[in-house]
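Please have the structure open while reading.

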Amino acid sequence: MFDPVIAPSGTLLGLLQRGRGDGTLHALAAPRAEALAALNHCVLHDPRQDWQVENRSLYYARLYLDLHGGLDTIEAHLFGVGDQLDTDESRTGLALAVLGHLASYGRQDALALLRRYAASGANWAWALDELALRDDDSALRTLAVPVLARFPATPEGDAELAAAVRDAFEPRPWRLWAEDQRDAVGARVRAAQEQGSFDRWQRQLRPTGPRPGWSVQAVFDWAQEGLERGAVLHVPAARCLTAVAGPEDRSMIVEAARGGPDGARCAALHYLAERQDPAVLDLIESAAADASRTVAEAAVTAFERMCGDAAVDRARRWAHRPDPLGTSAAGALATRGDARDAPLVLGALREAVRSEGPDAPSLYPLVDGAGRLGIACAAPVLRHVYRETAASQLRGRAARALAATDPSFATGFAVECLWDCEETTREIAALHAETGDVRVAERLRRLAADPAEEDEVQMAVRSRMGPDTPAV
């Protein structure tokens, strides 16, 4: 999947791509055709930086409902020739998830599209998962024949079917089909289920990792062999060292962390970091400057797994470093430091935004830290991150930090956050938004009555509403 092209934050398209609450509010005030065009663009061209952690589907589905939007554009996208040319699930996953939410709101046209796509589309498994949560048994049973037809009755086809059954996110359709009395359906699905269980059992009988009785050197050799074939085994190798190493092996492990082969060195650094060994911080500092990128990255990762006072004290020395270890150190102070570290955290936050922009991965702990430490003068930077970042998870963290640092949050960003795409952001807004705003009171009532809303959001809403507040 290509990185999405995100429009400026001041445009309707840019707001909708980011999943901001203002996107919904602006769309409802814009000409309907313009709003639907921007909405369709977002659904057909997934704007998320990481679709596995960022939410958009419920946000877009609600806007389709508010705009009384048709589904012709989504239908053309799902059933066009592109579906056969580009079978990556990222092409259609967001559209299918939106249809799933629309179906849960009672849109029969969305349910019909999901059924058609499950029967004939390339990303049929996603559509089937959406239907498994929302469709009735009789409709699901009608999909058995077209879905099973995808798998020819050959050894290869049976193996693919067993893998599909084993890896299904929602097992309900397969369980229904296993009850079918037809041999071509029920018997075949039951055989696939048995094969999937047998495959898992075989994997358990053929472990590829270390065995009891391994020596420290054997673990190092295993880590090095893994690195040479492209498998990163630093962390599991460190856990193996915990099982096999004794006090007498410490000098050997320290020596490996100082200058062993890359695989062994990385494993040793992780092991010593987890044990809070007195020598590990100096070893990490040396490894972070190593010419081997593998070793340098492992050193930073090993430091990030440390949580003791010694690590925090060393982070205060490293926070000024202009390298990944310095970035990690600033993040450690944001996460585990105290009030005296506020200037360092604020400086790192400003520098990250200035040099890397509002989507930098290093911003996540720094934004959290600004809120945790109550750094009031960080509010302007946090507001900039909130407005400009394309990552809805980071925007939600910025909203949480603003709630702790910005007195204007309750009457400002908290209001639009009630329409945000992330449920955690809506929860923050429900707790803080100023109820004197008529839009806030109406939105709280709607969220409280919406069956698709998350429980945590509704609990936050009810904590703000009196017992006599009427529902929408």
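The lining of the largest pocket divides by class into 18 nonpolar, 12 charged and 7 polar residues. The model is a predicted one.

**Largest pocket**
- The largest pocket holds about 1,000 Å³ of space.
- Its lining comprises 37 residues, and those closest to the pocket centre are Ala97, Trp126, Asp129, Glu130 and Phe169.
- Helices H4 (57-67), H7 (89-104), H9 (124-134), H12 (155-167) and H28 (423-432) each contribute at least two lining residues.
- H9 provides the largest share of the lining, with 8 residues.

**Nonpolar cores**
- The largest nonpolar core has 92 residues, of which Ile284, Phe303, Leu349, Leu363 and Leu418 touch the most other members.
- Helix H18 (residues 262-274) gives the most to this core, 8 residues.
- Apart from neighbours within four places in sequence, Leu363 contacts Leu349, Ala352, Val353, Gly357, Pro358, Val385 and Leu394.

**Helix H19**
- In H19 (residues 280-288), the residues Val280, Leu281, Leu283, Ile284, Ala287 and Ala288 are buried.
- The buried residues of H19 lie within an arc of 160° when seen down the helix axis, so they line one face of the helix.
- These buried residues pack against helices H17 (250-259), H18, H20 (293-304), H21 (309-318) and H22 (324-336).

Note on methods:
Residues numbered from 1 in each chain as written. Predicted model: local features only at pLDDT ≥ 70, side-chain atom pairs only at ≥ 80, totals over all residues. Heavy atoms only, no water. Core = buried A, V, L, I, M, F, W, Y, C linked by side-chain atoms within 4.5 Å. Buried < 20%, exposed > 50% of the residue type's maximum accessible area, 1.4 Å probe, protein only. Helix = DSSP H or I, 4+ residues; strand = E, 2+ residues; numbered from the N terminus. Contact = heavy atoms within 4.5 Å. Arc of directions from axis to C-beta. 1 Å grid on protein atoms, 1.4 Å probe; cavity = no way out; pocket = protein on both sides within 12 Å on 5 of 7 lines; lining within 4 Å. Points joined across faces, edges and corners; volume = space filled by probe spheres on them. Nonpolar A, V, L, I, M, F, W, Y, C, P; charged D, E, K, R; others polar.
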